[in-house]
Amino acid sequence: MRRFEREKKLINPLIFSAATWGARVLVTIVICLLAAGASIADGKKHKLSKDLDAQKGGSKGLTVDVIVQFNQAPTDAQHSKVEGKGGLLRKKLDVIKGAHYSVPVESLPGLADDPDVAYISPNRPLSGTSTSTLDFTPESVNAQVAWQQWRLDGTGVGVAVIDSGVTAVGDLYWWIPSNQTYGSRVVYSQSFVPGTTDTSDQYGHGTHVAGIIAGAGWFSTGSNFTHTFKGIAPNANIINLRVLDQNGAGTDSSVIAAIQTAISLKSTYNIRVINLSLGRQVYESYTLDPLCQAVEAAWNAGIVVVVAAGNQGRNDSAGTEGYGTIAVPGNDPYAITVGAMKTAGTPTRSDDTIASYSSKGPTAYDYVVKPDIVAPGNQVISTLAPNAPLLGSPTDVFLSEYSNSTTTSTSSGGNTKNNKKNSTSSPYTAALNAISTSYMRLSGTSMATPVVSGAAVLLFQQNPNLTPDQVKARLMKTASKNFPAYSAVTDPATGITYTDYYDIFTIGAGYLDIAAALSSNDLADASAVSPAAVFDPSTQSAYLVTGQGVVWGDSSAWATSLVWGTNVFVNGTAVLWGSSVCWGTSSSDGFSVVWGTGVVWGDTSNQATSTALSILVGGEK
């Protein structure tokens, strides 16, 4: 059996560990400033802000946090009128003649018609010049549209998280405030780690992944908080299948056994998605690899399998500049393979770029076009497993990053290990230095993968009759194709600059867009296996080959130019790569390696600046 080792060695003939490989980077901080403002036009006033106006036709029963400004400082009479429309007073804001309320979306037009009301706007997130990176993963993939417009939150859908275990922290609970009932949404747990039945997360990776999928944000919600860290499908159920030990190590057999169990439990827990934020080097064709075969068995059983691409995008050991480094089982054409984007610490998508460590296709041996899609994965803030080894700088999240109170309690399980900052005589300084016991930040394609898993959950909740192929095809077709031609980042620790080109082997079909996927009615009527790239030595170019019996092709609905966009093809042809396509400064030897033996990872001889742990805990600026 192959041995899954901790990622202290990048290239080991028997390696399999959480998909967090990459080059060492110095942790740097992106400063984010959001400015929220409102203007009231002369003449007849439009009292709803534009972003609220877009929500007022939302589903009945949906609530939204708003700030209502009145013509005069509101009294109990005004508060009562808002409450009469289903609103809840959160905080009085007399200094602006207003108040913070949670109100049903359907009550917005009625509130705007109130002659006492001057203007209504969302309670928008904001940050000053705090030296931190706020996480805007859900906003970057338009998850809030699913929550607010479609009222989708993953209810009733199960996700098998095959990882280092999941600790049932508070954000993974369901809660009904009206009667104060609650319970864990980690509905099943089993260990496949030899020698132990303990299913809790002794490493810290699996709980973080589960939070990205299904964290409810309870411990960052309320008037004392300036930012809420929610998962993509915040009410989904988690099936915890532990395969990695306290060092993040496991074996092929453990993962295969876990996949088998997920298939057997599919009907019991409505498991529609398997999340595999792990991987290892490719050693043979996916048609032979046992782990890939297990993935295909799950797919054939009607379960979407979402897999990390790997973090070898900086690996130039074979002169390929990171091309050809997709990990197993992300090399399987049935799986949805995910690369990592950086959100730049803002909720907008326009400034997002690819993480240079995100592995690139084509796959070794089979030349499958991968990744299939990209999603936020850099410095993602999610749930923390108490006392896990991954805790500590730079994974720490400070209370000052998401709380405006010096007395806020955010404990989610008694993380005593991470309470290591000493308080000072100043309450303000103590609050700034306090470390969250609920959240931590990690980076890698391991973190991008559960974002796509959460998106798949929302699609299944919207339409339970979808097949895995239909989910994959729709996510790919509706992904955003808007990218720069290239982006570059310099590693401050080494001074090395990494340049990424937004070709099909770097970003696949594009950047996940949940709102677009939910709005689409397209249903694939054939297989959505990822296509292959074929190299023609006579023209020194690579071509996209979709094969027979697949949905991709010349049909108007699923034309390759619609699914992958036009920018990844050369002048409207099927050419993907060659003398006229960006290949960076890679050597001709590197080019021949990708399209020759299929073995591109080389050895560790020139990887002195690379460790898996540095990407996992540090990420990239």
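Predicted model: local features only at pLDDT ≥ 70, side-chain atom pairs only at ≥ 80, totals over all residues.
Q: Where is Asp513 placed?
A: Asp513 sits in the loop between α13 (504-507) and α14 (514-519).

Q: Which side chain of opposite charge is nearest to Asp513, and how far away is that one?
A: Arg349, 4.4 Å away. Asp513 is buried but has no salt bridge.

Q: What does the side chain of Asp513 make a polar contact with?
A: The side chain of Asn142, at 3.0 Å.

Q: Which residues are in contact with Asp513, leaving aside neighbours within four places in sequence?
A: Val141, Asn142, Arg349, Thr478, Ala479 and Ser480. Arg349 is in that list even though Asp513 has no salt bridge.

Q: Switching topic. How many salt bridges does the structure hold?
A: Nine. One of them joins the side chains of Asp114 and Lys81, at 3.0 Å from N to O.

Q: Where do Asp114 and Lys81 lie?
A: Asp114 is in the loop between α3 (108-113) and β5 (117-122). Lys81 is in helix α2 (residues 76-84). The pair links distant parts of the chain, 33 residues apart.

Q: Is Asp114 buried or exposed?
A: Asp114 is buried, with a relative accessible area of 9%. Lys81 counts as partly exposed, at 37% relative accessibility.

Q: What network do salt bridges with shared partners make?
A: They join Lys81, Asp114 and Asp116 into one network.

Q: Next, Asp491. Which side chain does Asp491 meet in a salt bridge?
A: Arg314, at 3.2 Å from N to O. Asp491 is in the loop between β20 (486-490) and β21 (497-501). Arg314 is in the loop between β13 (304-308) and β14 (336-342). The two are 177 residues apart, and the pair links distant parts of the chain.

Q: Are those two buried or exposed?
A: Asp491 counts as buried at 1% relative accessibility. Arg314 counts as buried too, at 7%.

Q: And what about Asp500 and Lys360?
A: Their side chains meet in a salt bridge, 3.1 Å from N to O. Asp500 lies in strand β21, and Lys360 lies in the loop between β15 (353-354) and β16 (373-376). So the pair ties together parts 140 residues apart in sequence.

Q: Buried or exposed, for Asp500 and Lys360?
A: Asp500 is buried, and Lys360 is buried as well.

Methods. Residues numbered from 1 in each chain as written. Heavy atoms only, no water. Helix = DSSP H or I, 4+ residues; strand = E, 2+ residues; numbered from the N terminus. Buried < 20%, exposed > 50% of the residue type's maximum accessible area, 1.4 Å probe, protein only. Lys, Arg positive; Asp, Glu negative; His and termini not counted. Salt bridge = Lys/Arg side-chain N within 4 Å of Asp/Glu carboxyl O. Polar contact = N/O pair within 3.5 Å; in protein donor to acceptor, adjacent residues only side chain to side chain. Contact = heavy atoms within 4.5 Å.
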